[in-house]
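Q: I have a new structure to go through and would like to ask about it piece by piece. Can you take the questions as they come?

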Protein chains: 2
Amino acid sequence: MNQRKKQPLLTRAALLDAAGEEFSRTGYVGTGLGSVTLRAGVTKGGLFHHFPDKRSLAQAWIAERLAPAIAALWHIPLEQAATLDVLKQLCRQRFSELAPGDATSALSALTAESRGSDGLLVAGLEEIFEAWRGALGDFLERGKSAGGIHRSIKPAAEAAFLVALIVGVAVTANSPHNAATRRACLSSLEDYLETLRSQAT
Amino acid sequence: MNQRKKQPLLTRAALLDAAGEEFSRTGYVGTGLGSVTLRAGVTKGGLFHHFPDKRSLAQAWIAERLAPAIAALWHIPLEQAATLDVLKQLCRQRFSELAPGDATSALSALTAESRGSDGLLVAGLEEIFEAWRGALGDFLERGKSAGGIHRSIKPAAEAAFLVALIVGVAVTANSPHNAATRRACLSSLEDYLETLRSQAT
DNA sequence: GGGATTATACCGACCGCAAGGTATGACTTC
DNA sequence: GAAGTCATACCTTGCGGTCGGTATAATCCC
């Protein structure tokens, strides 16, 4: 076994993971560094050795954890797809998994919290949204080329619309308590996606 | 002039207004009672005379200020309408007014923040969403009866969908900086609303 | 109606605590 | 031994909340 006692990469990773857990559940201002260090099994000294301050920790987590998590959930499954059914199936799946603390909800909550106050955090979050909209736009573009998606739609606008909708669902209906609302949104979303389908030739 | 020196109703109102300003801009945990009392021109003693604790202050603000504000923005204009054009015009208007700190953004941010942690605040916020979805559902129902809206739609599901979308826009595109994203969402929203129109006979 | 009494509204100092952050030192690794 | 990695102890600040006191308003009683 590895008998090394100081493994900076692992401690850094543990700190990021612990911070992510806390940020996802209680938001940025709501989480104390004490809970983070406790969860990570590291003390204050260790934390501030790896990150100069709380905001940097959050920024690192956003860039190194949250962004990839969103990509894994929403970009990659669409990477080589071009049909509406793939998107519909993806939404069904992701909506059913939605819960407080997951990546989609965390992204939504962090954005809602940071906007207006913590301008520096917004930058990293905004990048995630840009990438998300880009991936969705590319997907829709491919769908248009392949013929499965109607020619008249504007992929960029439609992507922004879809991202907003998903965020809205993550905010208004991400708890097991309001599963009914989530199902209602999903139902209407599927109807809406059908309107993007190109008329059968 | 009224020379009364103690006007409990006015001070209470001032406290609610001040709390609203702070909650809307920096969220629940992000606002200190010091800023609230300062803005209201009241001291801690006065605050805790009217409200037993911080959470009660927030609850009172949600019920007495935020809920009516949302109603004024989204329910009342639709109260006696039944055509899609009224809804489209309303969305155009409200989207253009969207900014950090307004009622719609505050509702979205507070909900995103409270869910998972402050269960007691969620109750009041949930009521607002219920009323919102109800008002929108009634509107769509009237539209169906009047004939302007397609018969096949499910008003309740569509209402949940629309509320989620608006919240999503308020979270992802409520700052003047991303007006482009907001316009994109609005554009797609209008296209989407058109699909609800009943086929011309 | 007018003074005494009680209840209401508000002030301002203070408390305990947890927050973010720092300084220093000890142990590891190269 | 020098640089890197982490622990311990501590500092300052601001938080939500309390408490004794005071000034104003409503009520009572004659």
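A: Next, the ground rules. This is a predicted model, in which local features need pLDDT of at least 70, side-chain atom pairs count only at pLDDT 80 or more, and totals for chains, interfaces and linings use all residues. Residues are numbered from 1 along each chain as its sequence is written, chains are lettered from A and ligands numbered from 1 in the order in which they are written, and side-chain values use heavy atoms, with hydrogens and water left out.

Q: Good. How many helices and strands are there in chain A?
A: Chain A has 9 helices and 0 strands. Along the sequence the pattern reads α-α-α-α-α-α-α-α-α.

Q: And what box do its C-alpha atoms fill?
A: Roughly 65 × 35 × 35 Å for chain A, taken along the principal axes.

Q: On to DNA strand C. Which element gives the largest share of the surface near it?
A: That is α3(B), with 4 residues. Here a residue is near a strand if one of its heavy atoms lies within 4 Å of it. Elements that each supply at least two residues are α3 of chain A, plus α1 (8–26) and α3 of chain B.

Q: How many residues surround DNA strand C, and which are closest?
A: There are 20 residues around DNA strand C. The closest are A:K5, A:L33, A:K54, B:T11 and B:H50.

Q: What kinds of residues make up that surface?
A: The surface near DNA strand C divides into 4 nonpolar, 9 polar and 7 charged. Ala, Val, Leu, Ile, Met, Phe, Trp, Tyr, Cys and Pro count as nonpolar, Asp, Glu, Lys and Arg as charged, and the others, Gly among them, as polar.

Q: Which backbone atoms come up against phosphate oxygens of DNA strand C?
A: A polar backbone atom of A:L33 is 2.5 Å from a phosphate oxygen of DNA strand C. For A:T31 the distance is 3.1 Å. On the other chain, a backbone N or O atom of B:T43 also lies 3.1 Å from a phosphate oxygen.

Q: Now DNA strand D. Which residues come nearest?
A: Of the 19 residues around DNA strand D, those are A:K6, A:T43, A:H50, B:L33 and B:K54.

Q: What about side chains and its phosphates?
A: A polar side-chain atom of A:H50 lies 2.6 Å from a phosphate oxygen of DNA strand D. For A:T11 the figure is 2.9 Å, and for B:R4 it is 3.4 Å.

Q: Which element gives the most to the surface near DNA strand D?
A: α3(A), with 3 residues. That surface divides into 4 nonpolar, 8 polar and 7 charged residues.

Q: What area is buried between chain A and chain B?
A: About 3,000 Å², of which carbon and sulfur atoms give 67%. Buried area is the accessible area (1.4 Å probe) that two parts lose on being put together, summed over both.

Q: How many salt bridges cross that interface?
A: The rule finds 0 between chain A and chain B. A salt bridge is a side-chain nitrogen of Lys or Arg within 4 Å of a carboxyl oxygen of Asp or Glu.

How values were computed:
A polar contact is a pair of N or O atoms within 3.5 Å; within protein, one must be able to donate a hydrogen and the other to accept it, and residues adjacent in sequence count only if both atoms are side-chain atoms.
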